[in-house]
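Follow this walk through the structure with the model open beside the text.

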Amino acid sequence: MPDSTMPSIQMTAGEPGALEVREAPVPAIKPDEVLIKIRAAAVCGSDLHLYQWDESIRGKLNRASDNFKHGVIAGHEFCGHVVEIGSEVGTIMDDPSVKLEVGDFVSAESHVVCGKCYQCLHGEKHVCVNDKIIGFDRDGAFAGYIALPSSCVWKNDPDLPYEIAAIQEPLGNAMHAAAHFPLKDQRVVIFGLGPIGMFSAVIALMHGAKHVTAVEVSETRVKLAKEIGVHDVILGKIARSDEERAAERERVQKLVREAAGEDGPDVALEMSGHPDAITNAIKSVRRGGKVIAFGLTKGSAYTFDDYSTDVIFKGITVQGIIGRRIYDTWYKVRDLVRIPEARDKLRKVITEVLPYTEFRGGMERMLKGETGKIVLNFE
Ligand SMILES: [Zn+2]
Ligand SMILES: [Zn+2]
């Protein structure tokens, strides 16, 4: 063991902005765990919820910190090197032929699953009823080291660039969403080009979609989408009144159908969670089309405009997506990041690589929508 303490970015109190760099003990591993020295970690939209102390994450953090008797280390998207392996570590990546060794370059699935519930036992670990998310339910990866069960550990190709290795977890979200339905020769529309929407665009293009349209309200992101190769990008307008919103919905639906041609796109990826975008996704797909529901709404309610006409009579499929399939999605991500063209496109989505001490400025810029993905360097 090289160090006894390490720097870490911790949520130290239940209030907005209480993320701070603190020295912490290097965690001790249990027999089934692995100690990983962090090389780099990426900032997620959910880390911003933490930073802002949003309602949605309070329960988890209050439990994990025992009501802030101690801090909780944030971060769940990362890569690093194995420095210690517990005595009872077994199969990783669901592949008994993969052997884990000290020095291996690894990333990790952020959902620590129980392996015992109905879902876990039936090939649906991504919806485990007892899952614990690192950086929320237990200490995370914005730190010098992390201890994790070996069942979460993913062994990277040793030559995978570290900034790409650090974003495989969110890229897996995008892969799970975008590749749920095969996209080869399909006409696709993506609503919302935050990092996951942007990754989905890369995946749709690399998976051979015939035509990709995206709808986004930020001009910076519209420009980036064009650089990545999205065929048609529609700049959405932020409407204020109900009349304006109705007109904007009609305008966007018409443009999306025109861009895709014929009866509208085959597949809509709803990555924004905005109610108007959800409606646009449902209304603009062709009859028999498919809608991927990924973006979380601000509140929990969404009202269908015309459920019978738009869902039943139209015969569409609406598929909710959470997390990554463990490990099917990770293998798909591995295939993607091995392609040089995909790496080039993904690098465009990573707009900043910062020393971890500069996380606050990065998060503030991300909140304003000025950035793509941000990677924090821990080396
Ligand atoms: Zn995340
Ligand atoms: Zn389970």
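In this predicted model, helix α8 passes helix α9 in a right-handed crossing. α8 spans residues 242-260, and α9 covers residues 275-284. Their axes lie 10 Å apart and pack at an angle of about 40°. Angles under 35 degrees would count as roughly parallel, and 65 to 115 as roughly perpendicular. α8 and α9 are therefore oblique to each other.

Which residues of α8 meet α9? From α8 come R245, R249, V252, Q253, V256 and R257. From α9 come D276, T279, N280, K283 and S284. By class, the contact of α8 with α9 has 2 nonpolar, 4 polar and 5 charged residues.

Stay with α8 and follow the chain onward. E262 is in the loop between α8 and β14 (267-270). Its phi is near 50°, a positive value in a residue other than glycine. Most residues other than glycine have a negative phi. Is E262 buried or exposed? E262 has 9 other C-beta atoms within 10 Å, so E262 is exposed; the cut-off for exposed is 12 or fewer.

α6 runs over 195-206, and α7 over residues 219-228. The axes of these two helices come within 10 Å and cross at roughly 20°. That angle is under 35 degrees, so α6 is roughly parallel to α7. α6 passes α7 in a right-handed crossing. M198, A201 and V202 of α6 make the contact with L224, A225 and I228 of α7. The contact of α6 with α7 has 6 nonpolar residues, with no polar and no charged ones.

What do the buried residues of α7 pack against? Their partners are α6, β12 (211-216), β13 (232-235) and α12 (340-349). Just after α7 comes G229, with a positive phi of about 115°.

H49 is found in helix α1. H49 has 16 C-beta neighbours inside 10 Å, so H49 counts as partly exposed. Leaving aside residues up to four places away in sequence, H49 touches D54, S56 and I57.

W53 is in the loop between α1 (45-51) and α2 (55-64). Like E262, W53 is a residue other than glycine with a positive phi. For W53 the value is near 55°. W53 has 17 C-beta neighbours inside 10 Å, so W53 counts as partly exposed. Buried would need 20 or more.

One last backbone feature concerns a peptide bond. Most peptide bonds are trans. The bond from I326 to Y327 is cis, with omega near 5°. Where is Y327 found? Y327 is in the loop between β16 (317-320) and α11 (328-337).

Technical notes. Residues numbered from 1 in each chain as written. Chains lettered and ligands numbered in written order. Predicted model: local features only at pLDDT ≥ 70, side-chain atom pairs only at ≥ 80, totals over all residues. Helix = DSSP H or I, 4+ residues; strand = E, 2+ residues; numbered from the N terminus. Contact = placed C-beta atoms within 7 Å. Axes fitted to C-alpha atoms, helices over the stretch in contact; angles between N-to-C directions. Parallel < 35°, antiparallel > 145°, perpendicular 65-115°, else oblique. Left-handed = near helix turned anticlockwise from the far one by under 90°. Nonpolar A, V, L, I, M, F, W, Y, C, P; charged D, E, K, R; others polar.
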